[in-house]
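Look at the structure shown here and follow the text through it, one place at a time. A few single residues come before the overall picture.

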Amino acid sequence: MQDHKTLWSNALVEIELEVSRANFGTWFKNTKIVKEDDGIIHLGVPNAFVKDWLFKKYHKSILRSLRNLFPEIRAVEYLIIKAEVETENAKANLQPTLVSPQLNLTELYTNREDNLNPKYIFESFIVGPFNELAHAATQAVIKQPGQSYNPLFIYGGTGLGKTHLIQSVGNYIKKNYPGKKAFYITSEQFTVDYVNAMQNNKGNLFKEKYRRYDLLIIDDVQFFSNKERTQEELFHLFNHFHDNGKQIIFSSDKAPKQIPDIEERLRSRFEGGMMVDISKPEYESRLAILRTKSGQLQFNLPPETLEYIAEVIQDNIRELEGCLNTIICQSQLKNRHLTLSEVKTLIKNNIKPKKMASIQDVANIISSFYNITEKNLYEKTRKKEVVKPRQVMMYLLREDFNTSYPYIGQKLGGRDHTTVIHAYEKVKKEVLTDDNLKREIEQIRNLIYQG
């Protein structure tokens, strides 16, 4: 069996794919394998509350993840090691962060003063068509904090790199603006902090704590839904930052209009600056990410392995990295590269990827449906018989596959992303009132998914 630290880190990769980032950070922080005794893993946890919660909510996931790495593991038991954990975390006022398996890399830490993880920097952020607008917005922010795009609201699905990007802003400001103070926090942590302050009659201290920063980064704001008192406090905090020229950045898994149970005045604040989305990475970006990550882990997998992973893992970057780490871990255990057949089996058993149509597949189906040549879709023509199919294709690529506007424009004749946005909004509006168009799109969808 590999050492306890590496085993638990590898198991956490699979567990992280099954839980939200907020829950992962809350319940799996400061946990570690204490010992293994005849197939029984003894997992150290900081307190009784975490022990009970892990057993009730995540025991099956923990046991399954460990068994995927070593089938000989029979059971998991939980031990409270609060004092030991606190002693370790007290070093240099730094708090260890549980990350994907480091595979002999130096352990990374999150600074308690600002909650920023030093591994999240722009230099390690891979830019592609799926995230280039969001990246460009952050570059504008770091040039003129508090002036350009304030607030900056970045939204997109789970595991697409939002946290990496927004924390990169904080680390850049921290390094290049010594006089400015940055602070990162999740909405869940912010809510807990506020509730604790109210219960202990320390509301003023709470206000003072947050108002002293020059840059505030709040992650996963969709979790503010239905938390009225916390929303009210955030509203006043936002006004303070905005009125004083201080930068504020939000992230969410959905656009402000799609977040339920949010006060309209707060929603309007979210929408008052720059809103930009991050979509699912296309094949080329997924492959670039895998190559970069494997290089960082100092483990170069065969090209055909990376290409296969990029082809079948399409949903998010976190899943890509988890799959990559699992393959590297198994390769190290066997002391050789896995064959492509072994990789396919490993992915099939653990990742369960979803097959999706390619842009070429969609173009072929749409051109056949509207009786035009596929070549017509890429031409710069305003002929009515071509414009409608092209706009429908743009709409479906965006609506069904969450393809980024720039990438759609790039693939369809090198068009500007604003043209794609216009086409998407136009079809989205018309499909609500035009029954014929609605039926056409449903028929095209059936052809795509049946194919």
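Phe223 is found in the loop that runs between strand 8 (215-219) and helix 9 (228-243) of this predicted model. Is Phe223 buried, exposed or partly exposed? Its relative accessibility is 32%, and a residue counts as buried under 20% and as exposed over 50%, so Phe223 is partly exposed. Phe223 and Thr191 are 32 residues apart along the chain, and their C-alpha atoms are separated by 9.1 Å.

A second pair can be set beside this one. Gln167 and Gly203 are 36 residues apart along the chain, and 27 Å separates their C-alpha atoms. Gln167 itself has its place in helix 6 (residues 162-176). With a relative accessible area of 3%, Gln167 is below the 20% limit and is therefore buried. Which residues does Gln167 touch, if those up to four places away in sequence are not counted? They are Asn115, Leu116, Asn117, Tyr120 and Tyr184.

Thr138 lies in helix 5, which covers residues 132-143. The relative accessible area of Thr138 is 0%, so this residue is buried. Not counting residues up to four places away in sequence, Thr138 touches Phe122, Leu152, Ile154, Leu165 and Val169.

The backbone also has some points to look at. Most residues other than glycine have a negative phi, and most peptide bonds are trans. Where does this protein have a cis peptide bond? A cis bond joins Asn150 and Pro151, with omega at about 5°. Pro151 lies in the loop between helix 5 and strand 6 (152-156).

Asn201 is not a glycine, yet its phi is positive, near 55°. Asn201 sits in the loop between helix 7 (187-199) and helix 8 (203-211). Its relative accessible area is 75%, so Asn201 is exposed. Gln298 has a positive phi of about 55° and is not a glycine either. The loop that holds Gln298 runs between helix 11 (283-296) and helix 12 (303-312). With a relative accessible area of 68%, over the 50% limit, Gln298 is therefore exposed.

How many residues does the largest nonpolar core have? It has 28, and those with the most contacts inside it are Ile366, Val392, Met393, Leu396, Ile441 and Ile444. The elements that give two or more residues to this core are helix 15 (359-369), helix 17 (384-399), helix 18 (405-411), helix 19 (417-430) and helix 20 (435-450). Helix 17 provides the largest share, 6 residues. For Val392, leaving aside neighbours within four places in sequence, the contacts are with Ile366, Tyr370, Val427, Leu437, Ile441 and Ile444.

Asp400 and Arg445 are 45 residues apart along the chain, with C-alpha atoms separated by 8.9 Å.

The last step is to view the protein as a whole. It has 20 helices and 10 strands. How does its radius of gyration fit that of a compact globule? For 451 residues a compact globule would have a radius of gyration near 22 Å; the protein has 24 Å, which agrees. Along the principal axes, the C-alpha trace spans about 75 × 60 × 40 Å.

Buried residues, such as Thr138 and Gln167, make up 51% of the 451 residues. Of the contacts with a separation of 6 or more, 71% are between residues 24 or more positions apart. The accessible surface comes to about 22200 Å², and carbon and sulfur atoms hold 48% of it. As for charge, there are 63 positive and 56 negative side chains, and the centres of the two sets lie 1 Å apart.

Note on methods
Residues numbered from 1 in each chain as written. Predicted model: local features only at pLDDT ≥ 70, side-chain atom pairs only at ≥ 80, totals over all residues. Heavy atoms only, no water. Helix = DSSP H or I, 4+ residues; strand = E, 2+ residues; numbered from the N terminus. Rg over C-alpha atoms; globule rule 2.2 N^0.38 Å. Buried < 20%, exposed > 50% of the residue type's maximum accessible area, 1.4 Å probe, protein only. Contact = heavy atoms within 4.5 Å. Areas by Shrake-Rupley, 256 points an atom, 1.4 Å probe, with all protein chains shown as cover. Lys, Arg positive; Asp, Glu negative; His and termini not counted. Charge placed at Lys NZ, Arg CZ, Asp CG, Glu CD. Core = buried A, V, L, I, M, F, W, Y, C linked by side-chain atoms within 4.5 Å.
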